[in-house]
Amino acid sequence: MDIPYTVSARKDTGLYNGKLGLWLFLASEVMLFGGLFSALVLIRVGNAVWPPAGTPELNVALATFNTAVLITSSVTAILSWASLAKKDLGGFKKYMGITIVCGFIFLMAKSFEYYGKLSHGVVPSTNVFMGVYYTMTFLHVLHVIGGLAVMIYLWGPGSKMWHTNPGRFSNRIECTGLYWHFVDLVWIFLFPVLYLL
Amino acid sequence: MSDHAHHEESFLRKYVFSIDHKVIGIQYGITSLIFLFLGFSLMLVMRYQLAYPGEGIIPPDVYNSFGAMHGTIMIFLGVVPLAVGAFGNYLVPLQVGAIDMAFPRLNMMSYWVYFVGGVVMLLGFFAPGGAASSGWTSYPPLSVVTTTGQTIWLIGMIFLITSSLLGSVNIIVTIVQLRAEGLTYMRMPFFVWAQLITSFLLLLAFPPLEAAGVLQLMDRVAGTSFFMPSGLVVSGEVLPVAGGGSPLLWQHLFWFLAHPEVYVLILPAMGIIGEVIANNTRKPLWGYKSLVFASFFLGFMSFIVWAHHMFMTGMGTAISSFFQTTTMIISIPSVIILTALMLSLWGGSIRFNTPMLFALAFLPMFGIGGLTGLPLGLATSDIVLHDTYYVIAHFHYVVAPGTIFALFAGIYYWYPKITGRAMSETLGKIHFFGSFICMNGIFFPMLIQGLHGMNRRMYDGGATYQFNAPVLYLNEVITIFAVGLAVFQLVFIINFFLSLKAGEKAEPNHWQATTIEWTETTSPPLGHGNFAKVPTVHRGPYEYSVPGSDVDFIPQAQA
Amino acid sequence: MSEHSVEEVNKHIKKYIGVFIALLVLTAITVAAGLLHTTLQMSVAVGIIIGLSIAIVKGTLVAGYFMHLFDEKPLIFWILAFMAFFFFVLLLLPIITQSDSLSTM
């Protein structure tokens, strides 16, 4: 006996298991970042000057570039899923490949940004703003790394499943895409909150 | 998953890294029972210290760390994994007619992440300066400036929270997606409802604490100051941190989880009690729908009451009135649930077996726990009672003779399904009556001490304060009962292991129950896939003593 | 995944590209607003409102189109509705509590 609804949707919910599970996971992720944003708001209100005096300028140009990179990776992620919907494994490989490359570009830009700060002696303990900056962006980076690991697997050895169970494979890609868009979504909020306001 | 069930599995796959929900449930059960025993042992040492402070068997800092670890172990490593991990894992798929959890590998992972979290927590005892000692609540700034044990505590918590999240996703998806044909939401056993709502609480309330844990870890390891105010003076010196943080922030994030956590502790217990009471009164539960809706409302409200733990932090009157009001509102669904369970007894032909005795004791014990909470929910009376033994008595009445009795009821009730043998009724009754008397002997005197104003954290049991003098003798009384409680738990342990080999052979449907985990499975051990044929459900969960029927129960799966 | 015809998928792809362009444009506007905010001496509150409003629009586009939330099943909506409620509780109640403090009276 196999576990039902891994490929097709259950009639009364209209969902397959993975999708429901992933949305539940994302709901908990929203609450995780909710806790962090709540902390940010409370600390911000508690400090008369924000960012506190002496906070170094953040690299807005680099962060804008990274925003564009993540948005691009999001759209290629969904195009890779659309390719599977058209039964086009080559297209999937191409777009998923671009997504992965974009993920790495994001990480490189981010490390460059961190390096620029750290080499000038700006560390998390510098002041409470830098603490918020490092903690929130680094948690986001961890999410990017997690997503990349899954996508590399699905792009490489994981894609063999396309030949044995194509329905389930495109479900996996859809779920991975949902997660990746969420990572993008978090960045869309982090970017103005940390860099611009 | 298509390759299982047909060929022999290796020992590791079958018993250690198993993906079968029943094995994982048993793993959760055994691990959490060991942790419960450990948490209880810490408390015995502390109780001895409180009764005979002159002997000083442990130094004050060890006393503090035992206190913190007792709370942590009991809640996060004992009761929740037993109630949700063990009972949820083992029974939810069986009760909804699923062949396994929706994500078996994730299920295995959530157990092992929990296991690692537990081991990390225990490693804290070997850290320089001992285990975490800032209470299970870990309030900063104390928790930020204290010894290394706290760092380990935080890492352990992050593992435990992750495990809970994985587990709760799994339980929700299993209930929603894998329900057998015909098992509509309103035909689900109350236990399944309780697990569903509990999982939602874990899913949405735990992540903010994970965030807070990460922030506190940053404060401790990277020297940030999320929870550190400017100009904080410790031991006469200004701390060299940047400052600008807020200690109250931790309390908000912590209690955002920790209040719903109370309902995580109590809801599965109520679910178990519902099953046991319906079965042993041979009557349907009174007001099944009100039970379900009340639980739902309870879960919802539990997210907006948390600051009643923070009345003493200088909250303004307007906002305390708000939290006081929501707190009074949340007592309504609890009363509905308790009343419905109580009314279910009316006119039943009650079978007084061990699980039923525990279930019957749960009702008044949880009642005392709930009612003693009301004065704590009102800001005015909380000012007097805050941080006294009254608080300890209150929440222990909810969790110890409340939840833990319910978990015992569950263990006695489902033991025959899991092992194929029933536990000894004689030993079970000794265990029950002994525990019942000792529990009250422990916690009732604490109410008296608390009303005298005895502070809950005193290493010497409060002897330094003159006003404690009239109630000081109770310390010894409580400790004697605590030792008594330990002795009666030995009876349980003996019964548990003895019955594995020598217990009375159990029928597949040992208690003549209606739900499908009893009627549609063989007895035991259950193989992969649980059911010979996945059942179809035709009726509600509690069709006992149906008028006009010639049998006294109609199984859910009977057409 | 339900079966889609190739034309249908191609129509969706056009939509995704449109959203992609919209997101890039909005990012540019956010950055411009952020820079203007310092030069024009806008009040902090106005800056926050502009920045967050754009972020919310962008977030809605990503969630609605890329994550298919606009035609998702009701069950997902219910879960997200509860999440959204608790999210705002978590965001707002601590700050309300903080602002109504005995020490500031």
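**Exercise 1.** How many residue pairs are in polar contact between chain B and chain C?

*Solution.* This is a predicted model, where local features need pLDDT of at least 70, side-chain atom pairs count only at pLDDT 80 or more, and totals for chains, interfaces and linings use all residues. Residues are numbered from 1 along each chain as written, chains are lettered from A and ligands numbered from 1 in written order, and side-chain values use heavy atoms, with hydrogens and water left out.

Start with the definition: a polar contact is a pair of N or O atoms within 3.5 Å; within protein, one must be able to donate a hydrogen and the other to accept it, and residues adjacent in sequence count only if both atoms are side-chain atoms. The count comes to 5 residue pairs, both residues at pLDDT 80 or more. Now look at which parts of chain B take part: H7 (190-221), H8 (247-281), H9 (288-301) and H10 (317-343) each give at least two residues to the side touching chain C. (Helices are DSSP runs of H or I, at least four residues, numbered from the N terminus.) H10(B) has the largest share, with 5 residues.

**Exercise 2.** What kinds of residues make up the side of chain B that touches chain C?

*Solution.* Sort them by class: Ala, Val, Leu, Ile, Met, Phe, Trp, Tyr, Cys and Pro are nonpolar, Asp, Glu, Lys and Arg are charged, and the others, Gly among them, are polar. You get 17 nonpolar, 5 polar and no charged residues.

**Exercise 3.** Which residues form the salt bridge between chain A and chain C?

*Solution.* First, the rule: a side-chain nitrogen of Lys or Arg must lie within 4 Å of a carboxyl oxygen of Asp or Glu. Chain A and chain C have 1 such bridge. The partners are Lys19(A) and Glu72(C), with their closest N and O atoms 3.2 Å apart. Between chain B and chain C, the count is 0.

**Exercise 4.** How much area do chain A and chain C bury between them?

*Solution.* Buried area is the accessible area (1.4 Å probe) that two parts lose on being put together, summed over both. Here that's about 4,200 Å², 83% of it on carbon and sulfur atoms. On the chain A side, Trp23(A), Ile71(A) and Lys86(A) lose the most, together 14% of what that side buries. For chain B and chain C, the figure is about 1,700 Å², with 82% on carbon and sulfur atoms.
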